[in-house]
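Please look at the sequence and the model shown here before reading on, and keep both in view as you follow the text.

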Amino acid sequence: MADWFQGLHPLIQASVRVVLFFVPMFMMIPVMIWYERRLLSWMQDRIGPNRVGNITFSKTSKLVPQILRGRKIKLFGLLQPMADGAKSFFKEDFMPAKVDKFLFILAPAVFLFPAFALGATLPWGPYTLLTPISDANIGVLYVLAISSLGVYGVVLAGYSSENKYSLLGGLRASAQLISYELAMGMAIAAIAMATGSLRLTDIVSAQEGRLWGIVPGLANWNVLTPYGFIAFIVFLICMVAETNRAPFDLPECENELIAGYNTEYSTKKWVLFMMGEYVNMIVYSMLLATIFFGGWHLLPFQFDQLAREHPQISTFYELLAKLNGSSILGPVWFVAKVAVMLTCYIWIRATLPRLRYDQLMALGWKTLLPVATVNVILVALWIVATKVYSPVLGWAAFLCFGVLIVMIYRALKSVIAPKTSSLASRTLRLDMSPANVSKPEPEPELVEVAN
Amino acid sequence: MNGVPLAGYLGLALFMFSTGVVGVLVRRNPIVIFMCIELMLNAVNLTFVAFARYRVQALPDDPVLAQSQTMAGQMMVVFVMAVAAAEVAVGLGIIMAIYRLRHNIDIDDMNILKG
Amino acid sequence: MDALKITPELLLFGAAAGLAAIAAVGVVAFNNAIRSALCLVVNFFVLAFLYFTLNAEMLGVTQIVVYTGAIMVLFLFVIMLLNLGSPEALEEKRDWKRPAGLAIGALFFATIGSQILMPLMKITTVSSRDDFGGPQAIGRTLFSQYAFPFEAVSVLLLIGIVGSILLAKRRMS
């Protein structure tokens, strides 16, 4: 089978890989729509859409066979995405009069293209002939490059709508996107440095080594290493910000700037925007699973290595390795990880309140970027210490320098920008003049409640 | 790639460069002039990379020198990209400052230094 | 010169180069600044593709990240922000410059093209290896032989950041 596949023309091979990637993505979108609405409503203590497609047979009609009279067939709203799609075809797809027609129609396509193209270097199973559409030498950097193209769809949508609110929403959204790209790039840079290669299949196979380089039997998933954990937190926050999801969905929520850059888009084009957003979520979740959670393995155990080390019970370990993901179960666990991550996306959306724009920018530039940069520096120190001396000394150096940097930062911060005393003097008030702000608020007197 | 003549890449780079020259001379919007300058810089980048790929002369024997000459074209491109990025940031800041002062960015009207 | 063999690579290169050339003309030709910027985006993207065909992968990806993903976004921001103020600030008027500029451009192309393109109708590659554009090769060279220009460029970028922040700050009156 593998020989036959390799005998085909490379263009046909690539087309097969593209189809194998695209079709599951398209199939995941309606599931994602239904799942989000039901899960979000469950978390918000209400029932989501559960009516579409429910069939209630008549109790008295003679056309209905006796068994079926009065019975209900419930579909739990699984046809809701189909109903949404049908609505989008039948609703009036108007274009405002003064818009720049070419750009207006182009913007959803320009938004959708990077969303799909992001996944071209992601491996979703151990089959090297089939998985990444292109196992490029620059795999991770390609992902960063294409994610930086996602800005154009938003900017063009905001501009071409000829609506000041849309323009401002588009500019804000794109400023948010480019700010969080930086921290994301730094987080990925730390992992790429530790792995030694930008190729995503190399990153996955480097996560099959020993945990921390020392512990036998456990696999070195990047999220279990200290630098990887910090990078994971940074990447997670940046990922949620890059896909414009809550709590970073300021550009597109309904009560802020009237739904932002997609105000003027009605049905089919708006559906394209939503599709692009969901595909972005799915592909970033895939990237997270690949870079931090060991790709297509289920558990962080080194079953292959154990099979080699203990030849007597190697068949048992090989069976465990196959169950762990080195077989057809690999893509299954990969999709399961993506599903868990999408659940986390919806969970975060249901839980956290939205960030205001200045809080959002401050988080991206003043918190995440320094943390990610310091992480890169620490990874560099760790690599040098590990290669020159030994892994244990490497981790010791990492921890010592990490603690040192945090202590220096806190010392500098207390000297340069000391925290003023009370919460009241730090909150924004309407009578903010410099005179009022510097005075600390006098404590309100306790008044006796008259009985 | 095999089969594509070096002159193809160079011809495209030359065409982009001359288009950029025409743009700088003809257009009056300073932002578009900036974009034509970026076009010229990219044409030069393409020339560097094309020559780095299609080596026209044989490499010297000294390996350090050979590697240096092999990678020199790409290093030049890296630095051109970095300098272009810095230049764009500062230049667009200047244009924004001028716009804020005069509300008019027509380049033919910016002639106060004319003696 | 003997005839070129029409290979798929030549056709692919021809298509990409044609698109890049049309986009380059579009940058200069469109009156609307946004359309010029979008043509330039297309041009840079196709140029990144051409870098990939020249095996310079790292440069191609850097082209997408830096030029298409950052510099052109900056251009689009500025054009849109200036558009908010007065739309007539971005239009073109006069006439006699156009033919003169086109003549100069054509003369330039003809002069240099005749001297350089003709002697170099040669086919590919005497270069070192196919991975000469990969991250390993670039990283090894950039951080060893070109470490000083690297650091100097980083100082330059810092100066650029500080300068642009200073230029963009509103005066606190």
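The paragraphs below go from the chains and their contacts to the nonpolar cores and then to the salt bridges.

This is a predicted model, in which local features need pLDDT of at least 70 and side-chain atom pairs count only at pLDDT 80 or more, while totals for chains, interfaces and linings use all residues. Residues are numbered from 1 along each chain as its sequence is written, chains are lettered from A and ligands numbered from 1 in the order in which they are written, and side-chain values use heavy atoms, with hydrogens and water left out.

Which chains touch, if contact means heavy atoms within 4.5 Å? Among the 2 pairs of chains that touch, chains B and C have the most contacts, whereas chain A and chain B do not touch, their nearest C-alpha atoms being 15 Å apart.

The contact between chain C and chain A takes 25 residues from chain C and 23 residues from chain A. It buries about 2,100 Å², of which carbon and sulfur atoms give 78%; buried area is the accessible area (1.4 Å probe) that two parts lose on being put together, summed over both. Between these two chains the count is 0 salt bridges, a salt bridge being a side-chain nitrogen of Lys or Arg within 4 Å of a carboxyl oxygen of Asp or Glu.

A nonpolar core is a set of buried Ala, Val, Leu, Ile, Met, Phe, Trp, Tyr and Cys residues joined through side-chain atoms within 4.5 Å, where buried means under 20% relative accessible area, exposed over 50% and partly exposed in between (1.4 Å probe, protein chains only). The largest core has 183 residues, and those touching the most other members include A:Phe235, B:Met35 and C:Phe75. Leaving aside its neighbours within four places in sequence, C:Phe75 is in contact with residues of chain B, among them B:Ile31, B:Phe34 and B:Leu92.

Side chains of opposite charge can pair when their charged atoms come close. Over all chains, 8 salt bridges are found, and in one of these the side chains of A:Glu36 and A:Arg349 meet at 2.5 Å, N to O. Because A:Glu36 lies in helix H2 (residues 10-43) of chain A and A:Arg349 in helix H13 (residues 329-351) of chain A, the pair ties together parts that are 313 residues apart in sequence; helices are DSSP runs (H or I, at least four residues), numbered from the N terminus. A:Glu36 counts as buried at 2% relative accessibility, whereas A:Arg349, at 32%, counts as partly exposed.

Definitions and conventions:
Contact means heavy atoms within 4.5 Å. Helices (H or I, at least four residues) and strands (E, at least two) are DSSP runs, numbered from the N terminus.
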